[in-house]
2 protein chains.
Amino acid sequence: MAGARRAAPVDAYEALRDDIAGGRLLPNERLVEHDLARRYGVSRGAVRTALVRLEQDRVIVHEPNRGARVRIVSEAEAVEILEARAALEGIAAAHAARHATDEQLAQLREIAAEMAQLHEHGDLLDMSEANARLHALILQASGHQTVQLLAARLNSQMVRFQYRTILVAGRARHSLAEHREIVEATCARDSEAAERAMRAHLSNVARALHERVMALADQRPDRTRAVG
Amino acid sequence: MAGARRAAPVDAYEALRDDIAGGRLLPNERLVEHDLARRYGVSRGAVRTALVRLEQDRVIVHEPNRGARVRIVSEAEAVEILEARAALEGIAAAHAARHATDEQLAQLREIAAEMAQLHEHGDLLDMSEANARLHALILQASGHQTVQLLAARLNSQMVRFQYRTILVAGRARHSLAEHREIVEATCARDSEAAERAMRAHLSNVARALHERVMALADQRPDRTRAVG
DNA sequence: ATTGACAAGATTGCTGCCAATCTTGTGCAC
DNA sequence: GTGCACAAGATTGGCAGCAATCTTGTCAAT
């Protein structure tokens, strides 16, 4: 752990989760309680409960007397997670189509337009980030607390994979079209079409992941943001 | 808490979860760490981490300096949970149709037959229990780790409601038909039909809950198993 | 009767400490 | 050089105890 130590005491749970999701802590990296306590400016006890919560989220794994590590999500598990997300975010899209405010729909269109522009410029990393914002917005607009929470936790298990899927050759164009369809159906208040579009989209991501990620996985695992 | 104290040290997390799911600890009941430690024969620290995990599962709620309580699941939340289960267990049914062993399919048919018999005898409580076994078996047969875990945790939030839904007048017959359809589609290895049937079933449960549970909720909240 | 102040008790939150376990490094036998 | 035994260090697991906070009960003023 070569990270800069923070003195300001932040919530250990969120900080750890974000550091793992953001790739600042790598899969299989050992998480030493004392070091984390110093890093986040909290006590060892606070780190301990944060680790318990993250283990419950399946973000880390914990072996007795051997401590915690960032969990490695296998390709098969990533596909499972995407399947679950497809089902859950499908519901979210359906609910968003019914309950989103006009302002939220406007934001959806805005993100979709932004993605189209980024795609023209070939800016895949920013496109990936816009993708994350679009999914988060639909979850929020759904007003469905349960689905929102579950989907967010599934996401925190696989941000590394999510970053990569859009970078696979050819996926960006399809992804753009799929997102457009989701946004159009949602804005048209067509909940069934929105659900279908969202499920189809994430199913395709799962398939793309299944076909291509393992080739990338062989490369050395440096920080996710730098990949591509 | 008038419960009998156990001396044998059991896993506090599972024991607590089961006591809550089984109605031995009531919604909104205060969970005092010291008492739980004595009840399960473990230290206060072990109870503490169990409570952290259960809060992450949304089975309990925790207020700073005020301790933990069994979470009260509102009708709206119960409907949300059933919607999420419909999506997730739909996937499980689809996977079970593809991957279940012949022995698991035989068990499915057996449970379905058992439910039919129990229905004839009007034994709703045992029918409710068979229902739980059927859903658990499909989750297991799916081989889908992610969905299995998420569905199980959703379930642990609402066993009390689940017990009641089948007891609503008229639901038992419909429930029986819906389960038969799920089992038939799964045994026919028709994954799409199995998914549709499961989603339809749990959506109907959600609707029944929406229409009827609040009437029952007014009655005094004694132990769930005794309701009916 | 109602409200508010206050004291006593109960409960949680936290920190420090130490035993149990694992990991790493060293030296010895072969 | 390889493998094994053993010691030293690092790390986790868990307990005891105490401070901070909340709850409950009492009593007086209005």
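**View 1. Superposition of chain B on chain A in the predicted model.** Chain B is brought onto chain A by a rotation of 180° with 0.0 Å of shift along its axis, giving an RMSD of 0.1 Å. The two copies are thus related as by a two-fold rotation axis. Within chain B, Ala87(B) has the C-alpha nearest the axis, at 2.6 Å from it. Both copies use the same surface, in that 100% of the contact residues of chain B recur in chain A.

**View 2. The side of chain B that touches chain A.** Here 19 residues of chain B are in contact with 19 residues of chain A. Elements of chain B giving two or more residues to this side are α3 (44-56), α4 and α7 (145-157). Of these, α4(B) supplies the largest share, nine residues. Classified by residue type, this side of chain B comprises eight nonpolar, six polar and five charged residues.

**View 3. The largest nonpolar core.** This core has 89 residues, and Leu88(A), Ala93(A), Leu88(B) and Ala93(B) are those with the most contacts inside it. Helix α4 of chain B, residues 75-99, gives the most to the core, namely 14 residues.

**View 4. Another nonpolar core.** Apart from the core of 89 residues lies another, of 34 residues. Among its members are Ile20(A), Ala68(A), Ile20(B) and Ala50(B).

Methods. Residues numbered from 1 in each chain as written. Chains lettered and ligands numbered in written order. Predicted model: local features only at pLDDT ≥ 70, side-chain atom pairs only at ≥ 80, totals over all residues. Core = buried A, V, L, I, M, F, W, Y, C linked by C-beta atoms within 7 Å. Buried ≥ 20, exposed ≤ 12 C-beta atoms within 10 Å, placed from the backbone. Helix = DSSP H or I, 4+ residues; strand = E, 2+ residues; numbered from the N terminus. Contact = placed C-beta atoms within 7 Å. Nonpolar A, V, L, I, M, F, W, Y, C, P; charged D, E, K, R; others polar. Least-squares fit on C-alpha atoms with pLDDT ≥ 70 in both.
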